[in-house]
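Here are some friendly notes to read alongside the structure. Take the points one at a time, and find each residue in the viewer as you go.

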Amino acid sequence: MSFVRDHERHRMRGLKLLIGIALLTLSLSAWATQPWLTLPPIPTLPEPAHSGTAPVNGIQLWYAEYGHGAPVILLHGGFGHAAWWGLQIPVLAKHHRVIVVDSRGQGRSSHDPDATMSYRLMASDVLALMDRLRIRKAAIVGWSDGAIIGLELAIHHPERLTKVFAFGANTDPSGYHNSSERSPAQNAVVDEYSRLMRSGYLKLSPTPNDFDAFHRKMNTLWNTKPQISAKQLQGIHVPVWIVDGDHDEIIKRENVDFQFAQIPGARELIVPGASHFAFLQQPEAMNVALLRFMAWHP
């Protein structure tokens with residue numbers, strides 16, 4: 001028995017995705033506590049082999065590197081920062097060159113007060129960093145906003161990617177749940193995330209006094225973007241996994257399924273017992289999934 005629900009495209013595209021063993025080891029007590037209704041603490045960022053800032057597109061973009069091997073770039077969610085990947089970095093870095101990035105205006109990266117925030121611009125930042133690090137092609141593992149950036153890259157710059165792991169992406173603002181569609185407990189998780197967004201910004205940002213102004217920019221982004229069409233998804237030929245938690249309180253499941261149905265050869269993985277924050281709530285399962293993804297050669 002697998003705790004991961006597998007989906008096989010009706011046109012027989014792709015193979016079934018099996019995670020199995022690691023999820024079978026989850027204890028019954030873990031399920032009883034409903035982990036999707038908790039937001040665990042943000043992990044500590046492991047000590048990198050190298051870190052710094054790169055001048056890209058008028059800002060200073062912070063990044064850190066770990067390990068050796070095929071490159072994989074980890075892109076966090078909105079108002080997050082690299083430490084949100086703290087439970088995944090050590091696992092991936094055993095066999096891969098891992099690059100974590102603080103997206104523009106988030107974490108330790110600066111922002112351009114005159115620039116309009118867009119996923120296309122943040123994707124351009126990633127490409128500029130790849131150029132600076134002399135990375136011709138890389139796998140992208142994106143979470144939420146980071147997953148949208150991954151899809152943007154797959155649509156517009158497929159030649160720079162080997163594959164994309166897109167967790168918790170939406171294709172347009174209608175793909176979001178609003179607060180009335182969530183339970184009080186789910187809204188409490190979202191409220192805690194909002195608190196962590198503010199505290200992380202105040203702690204790490206080179207311009208901590210700009211939180212309110214930058215928050216308005218991000219709200220404008222989320223209320224208007226992305227605008228990814230079915231035709232654009234159908235044109236993706238980079239190997240893609242579409243991934244989400246089965247209790248995502250932010251992204252609607254039908255939007256996740258829509259992405260899977262449109263992208264040729266995509267695989268869909270729905271992780272049980274997890275919400276939009278599965279990398280913290282079910283780290284063992286997510287690490288197994290990431291290792292399978294990195295070993296995947298379609």
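1. A definition to begin with: Ala, Val, Leu, Ile, Met, Phe, Trp, Tyr, Cys and Pro count as nonpolar, Asp, Glu, Lys and Arg count as charged, and the others, Gly among them, count as polar. With that in hand, look at the largest pocket of this predicted model, whose lining divides into 10 nonpolar, 10 polar and 3 charged residues.

2. Let us stay with the largest pocket. Its volume is about 480 Å³, and 23 residues line it. To find its centre, look for Tyr-176, Val-190, Asn-219, Trp-222 and Ile-250, which lie nearest to that centre. Helix 5 (145-156), helix 6 (184-204) and helix 7 (211-224) are the elements that give two or more residues to this lining.

3. The second largest pocket has a volume of about 200 Å³. Its lining includes Ile-42, Pro-43, Thr-44 and Leu-45, together with Leu-196, Ser-199, Gly-200, Lys-203 and Leu-204. Also among the lining residues are His-81, Ala-83 and Arg-108. Sorted by class, the residues around the second largest pocket are 6 nonpolar, 4 polar and 2 charged.

4. Now for the cavities. How many cavities of 30 Å³ or more does the structure hold? There are 2 of them. The largest cavity has a volume of about 40 Å³, and its lining includes His-76, Trp-84, Trp-143, Tyr-193, His-276 and Phe-277. That lining has 4 nonpolar and 5 polar residues, but no charged ones.

5. The second largest cavity also has a volume of about 40 Å³. Leu-61, Val-101, Ser-103, Arg-104, Met-122, Asp-125, Val-126 and Ile-149 line this cavity. Helix 4 (residues 119-132) gives the largest share of that lining, 3 residues. Here the classes come to 5 nonpolar, 1 polar and 2 charged.

6. The axes of helix 4 and helix 5 come within 9 Å and cross at roughly 75°. Angles of 65 to 115 degrees count as roughly perpendicular, so helix 4 and helix 5 are roughly perpendicular to each other. On the helix 4 side, the contact is made by Tyr-119, Arg-120, Met-122, Ala-123, Val-126 and Leu-127. Helix 5 brings Asp-145, Ile-148, Ile-149, Glu-152, Leu-153 and His-156. By class, this contact has 8 nonpolar, 1 polar and 3 charged residues.

7. Which residues of helix 9 (residues 253-262) are buried? They are Asn-255, Val-256, Gln-259, Phe-260 and Gln-262. Their cover includes helix 5, helix 8 (230-234), strand 8 (240-245) and strand 9 (267-271).

8. Last, some backbone details to check. Most residues other than glycine have a negative phi, and most peptide bonds are trans. Asn-57, in the loop between strand 2 (50-56) and strand 3 (59-66), has a positive phi of about 50°. Arg-134 has a positive phi of about 60° and lies in the loop between helix 4 and strand 6 (138-143). Are these two residues buried or exposed? Asn-57 is partly exposed, with a relative accessible area of 37%, whereas Arg-134 counts as exposed at 77% relative accessibility. Finally, a cis peptide bond with omega of about 0° joins Lys-225 and Pro-226, and Pro-226 sits in the loop between helix 7 and helix 8.

Key
Residues are numbered from 1 along each chain as its sequence is written. This is a predicted model: local features need pLDDT of at least 70, side-chain atom pairs count only at pLDDT 80 or more; totals for chains, interfaces and linings use all residues. Side-chain values use heavy atoms; hydrogens and water are left out. On a 1 Å grid over the protein atoms alone, a cavity is a set of points where a 1.4 Å probe fits but cannot get out, and a pocket is an open set with protein on both sides within 12 Å along at least five of seven lines; lining residues have an atom within 4 Å of a point. Grid points are joined across faces, edges and corners, and a volume is the space filled by probe spheres set on the points. Helices (H or I, at least four residues) and strands (E, at least two) are DSSP runs, numbered from the N terminus. Axes are lines fitted to C-alpha atoms, for helices over the stretch in contact, and angles run from 0 to 180 degrees between N-to-C directions. Angles under 35 degrees count as roughly parallel, over 145 as roughly antiparallel, 65 to 115 as roughly perpendicular and the rest as oblique. Contact means heavy atoms within 4.5 Å. Buried means under 20% relative accessible area, exposed over 50%, partly exposed in between (1.4 Å probe, protein chains only).
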